[in-house]
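Subject: Structure handover

Hi,

Here is the structure I promised to pass on. Have a look at it first, and then read my notes below.

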Amino acid sequence: MSVDGLINVLTAICLLGGALMSLAAAIGLMRFPDLMSRMHAATKPQVLGLFLMLAAVGLQIRAWSLVPILLVAWLFQLLTVPVSAHMVGRAGYRTKHRRPELLSADELNEVVEAVREDTQPGN
């Protein structure tokens, strides 16, 4: 097998892996029972799936000048996905879109109750 053939096979493997990760994220979003587990499904496979897709693009284009751009795209994904998941999780918690029976520890409840008591009229 030539080098081009090997790179094409690696590209195909990366594309299929990225597509499977995206499919797993989509299935998790549709099938998981609550907001917290859906956030898990939406974030973790997405980051790995995007990395595999960007790796496939890098393998096919084969230009060293493209590597920093692909790395920056993936690093921004790594930085923004946890922040957005955290914000969605807190919003879901405060609007009662959660299932407390599925939580093993509820450390946010005391903070939310303290804020709620402070914002009540007459305090």
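You will find Arg62 in the loop between H2 and H3. Helices here are DSSP runs of H or I with at least four residues, strands are runs of E with at least two, and both are numbered from the N terminus. The phi of Arg62 is near 55°, which is a positive value in a residue other than glycine.

Before going further, a word on what you are looking at. This is a predicted model, where local features need pLDDT of at least 70, side-chain atom pairs count only at pLDDT 80 or more, and totals for chains, interfaces and linings use all residues. Residues are numbered from 1 along each chain as its sequence is written, and side-chain values use heavy atoms, with hydrogens and water left out.

Back to Arg62, and to its partner. How many salt bridges does the structure hold? There is one, and it joins the side chains of Asp4 and Arg62 at 2.8 Å, N to O. This pair links distant parts of the chain, with Asp4 in helix H1 and Arg62 in the loop between H2 and H3, 58 residues apart. (A salt bridge is a side-chain nitrogen of Lys or Arg within 4 Å of a carboxyl oxygen of Asp or Glu.) Asp4 is partly exposed too, because its relative accessibility is 44%. As background, side chains of opposite charge can pair when their charged atoms come close.

Helix H1 covers residues 3–31, and Leu10 lies in it. Leu10 counts as partly exposed because its relative accessibility is 38%. Together with Met1, Leu6, Val9 and Ile13, Leu10 makes a nonpolar surface patch of about 510 Å². Patches are made of residues with over 30% relative accessible area and no salt bridge; like charges are joined within 9 Å, and nonpolar side chains (Val, Leu, Ile, Met, Phe, Trp, Tyr) within 5 Å. The areas come from the Shrake-Rupley method with a 1.4 Å probe, and for residues only the protein chains shown count as cover.

In the loop between H1 and H2 sits Asp34. Is Asp34 buried or exposed? It is buried, because its relative accessibility is 8%. Leaving out residues up to four places away in sequence, Asp34 touches Arg99 and Leu102, where contact means heavy atoms within 4.5 Å.

Next comes H2. Its 27 residues should span 39 Å at 1.5 Å a residue, and its end C-alpha atoms are 39 Å apart, so the two agree. (The expected span is 1.5 Å times one less than the number of residues.) H2 does bend, by about 25° at Gln46; the bend is the angle between axes fitted to the seven residues ending there and the seven starting there. Among the buried residues of H2 are Met39, Pro45, Val47, Gly49 and Leu52, and the buried residues of this helix pack against H1 and H3.

Not counting residues up to four places away in sequence, Met53 touches Cys14, Leu15, Gly18 and Ala19. Its C-alpha atom is 8.1 Å from that of Gly17, 36 residues apart along the chain.

Helix H3 runs over residues 67–94, which makes 28 residues, and reaches 41 Å from its first C-alpha to its last, close to the 40 Å expected at 1.5 Å a residue. Its buried residues include Leu70, Gln77, Val81 and Tyr93, and their cover includes helix H2 (35–61) and helix H4 (109–119). Take Gln77: it is buried because its relative accessibility is 14%. Apart from neighbours within four places in sequence, Gln77 is in contact with Gln46, Val47, Leu50 and Pro82. H3 is followed by Lys96, whose phi is positive, near 65°.

Last stop: Gln120, in the segment after H4. Gln120 is partly exposed because its relative accessible area is 40%.

Cheers

Terms used: Buried < 20%, exposed > 50% of the residue type's maximum accessible area, 1.4 Å probe, protein only.
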